[in-house]
Amino acid sequence: MSETDERNRRWTLALGVDAEDGGAGASLSDSDRRMSEALTALYGNGDEAPKKGRGGLGGSAPRVAKWLGDIREFFSAPVVQVIQKDAFERKGLRQMLLEPEFLATVEADVNLIADLVALRGVMPEKTKDTARIVIAKVVAELMERLERRTADAVRGALNRSLRTNRPRFADIDWPRTIKANLRHYQPEHRTVVPERLIGFLRQQRRIVDLDEVILCVDQSGSMATSVVYASIFAAVMASLPVVATKLVCFDTAIVDLTEELADPVEVLFGVQLGGGTDINSAVAYCEERIERPSKAHLILITDLYEGGNADALVDRLARLATRGINVIVLLALTDTGRPSYDPVLSAKVAGLGIPVFACTPDQFPDLMATALKREDIAGWAADRDIKLVRPET
């Protein structure tokens, strides 16, 4: 396609195409027409009132569900979030999410889960049951995607230089075990029957030797997706016997969800999205619960828009770092890894020698492994082209 054709295509999509119109719209592909229809359904054609016979999202759950699927197909996650937010405001989709019939048809993802968590307080009981099913489905998919990598990355109690022939199931080295048992392959069952297991030798560690990991998560509305991912990771790490994991969520109030970590869905239903932000008070709460500073890792997940005492927060973080606590600030934990944050406060925190950056869920397991080994976080980020916030000059 020539540069002129591409420019015309973009203008046609931007201005919208009437179903009955020819002209420039006739040159659009089927995919482009579907994209145009998805945008026109929400934004119209630039007119104050939609034309007679034109679409719009309407009140049909199947039609809206298809529309939601279309926008996710054609646009990247950040754009989808903007469009979905506009749809909530312009078309009343937020009210539709309170209807179990619609909720059962919608294509669920992390962003939808964040919306459901935010709406939990105004949901009728019949809708909460459906919402739990939808949330549980997405949580299960995320756990399947992230659990193994996270477990492998943070299982610091394994000494991989030593082997044992009597490993625990979780410690089996499957590639070596399969290779050692290939002569026991059963063609009729298309499987290997392992007569000898090879695994990693587990180092015995007492509770007092365990690393402490505290995920302190900002649950203000702008951090909604990060809250979902942080809750999933907290639940995964809490299931590992090699780290002591706590989850603390906050806005102007503080919610300690550590006791709920066995059930990630229950964790998400304990989150209160929205409200103001008092980061300093939340960090103070976490500081009081750190038992072994030399083995503690505080992962503060926030955009650093502080509604409380910013100077006190900087002083407190400096004190934590001086005590030997491994402090890391994540400005976002999202699929895009592109945060919106307070540049002034983040630069001050970076000036303390504390790494300040954003990362994606796929990067988080490796980040935690690096943190638990107390290796250079800045070097780890640089190797992955992750931009760290620079200290103020």
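This is a predicted model: local features need pLDDT of at least 70, side-chain atom pairs count only at pLDDT 80 or more; totals for chains, interfaces and linings use all residues.
Residues are numbered from 1 along each chain as its sequence is written, and side-chain values rest on heavy atoms, with hydrogens and water left out.

The average pLDDT, which is the predictor's confidence in each residue on a scale from 0 to 100, is 79 for the protein, and 78% of the residues score at least 70.

The protein contains 16 helices and 10 strands, where helices (H or I, at least four residues) and strands (E, at least two) are DSSP runs numbered from the N terminus. Of the contacts with a separation of 6 or more, 74% are accounted for by residues 24 or more positions apart. Buried residues make up 49% of the 393 residues, with buried taken as under 20% relative accessible area, exposed as over 50%, and partly exposed as the range in between (1.4 Å probe, protein chains only). The protein exposes about 19,800 Å², and carbon and sulfur atoms supply 50% of this area; accessible areas come from the Shrake-Rupley method with a 1.4 Å probe, and for residues only the protein chains shown count as cover.

Several individual positions illustrate the buried part of the model. Val80 is found in helix 4, which spans residues 77-91, and Val80 counts as buried because its relative accessibility is 5%. The C-alpha atoms of Val80 and Asp70, which stand 10 residues apart along the chain, are separated by 9.9 Å. Thr334 lies in the loop between strand 9 (326-333) and helix 14 (343-350), and with a relative accessible area of 15% Thr334 is likewise classed as buried. Leaving aside neighbours within four places in sequence, Thr334 is in contact with Thr225, Ser226, Tyr229, Cys359, Thr360 and Pro361.

The structure holds 0 disulfides, a disulfide being defined as a pair of cysteine sulfur atoms within 2.5 Å. Cys286 is accordingly in no disulfide, and the nearest cysteine sulfur, that of Cys216, is 3.6 Å away. Cys286 is also buried, with a relative accessible area of 1%.

Side chains of opposite charge can pair when their charged atoms come close. A search of the whole structure finds 12 salt bridges, each defined by a side-chain nitrogen of Lys or Arg within 4 Å of a carboxyl oxygen of Asp or Glu. Within helix 8 (residues 125-154), Lys128 and Glu125 lie 3 residues apart, about one turn of the helix, and their side chains meet in a salt bridge at 3.6 Å, N to O. Lys128 counts as partly exposed at 21% relative accessibility, whereas Glu125 counts as exposed at 56%.

The side chains of Arg132 and Glu266 also meet in a salt bridge, at 3.4 Å, N to O. Arg132 lies in helix 8 and Glu266 in helix 11 (residues 264-269), so the pair ties together parts that are 134 residues apart in sequence. Arg132 is partly exposed at 32% relative accessibility, and Glu266 is partly exposed with a relative accessible area of 30%. A further salt bridge joins the side chains of Asp362 and Arg145 at 3.2 Å, N to O. Because Asp362 lies in the loop between strand 10 (356-359) and helix 15 (364-372) and Arg145 in helix 8, this pair ties together parts that are 217 residues apart in sequence. Asp362 is partly exposed at 38% relative accessibility, as is Arg145 with a relative accessible area of 36%. Elsewhere, salt bridges that share partners join Glu287, Arg316, Arg319 and Arg323 into one network.

On the surface, Phe169, Trp174, Ile178 and Leu182 form a nonpolar patch with about 430 Å² of accessible area together. Patches are made of residues with over 30% relative accessible area and no salt bridge, like charges being joined within 9 Å and nonpolar side chains (Val, Leu, Ile, Met, Phe, Trp, Tyr) within 5 Å. Ile178 is found in helix 9 (residues 174-180) and counts as partly exposed at 41% relative accessibility.

Conventions. Contact means heavy atoms within 4.5 Å.
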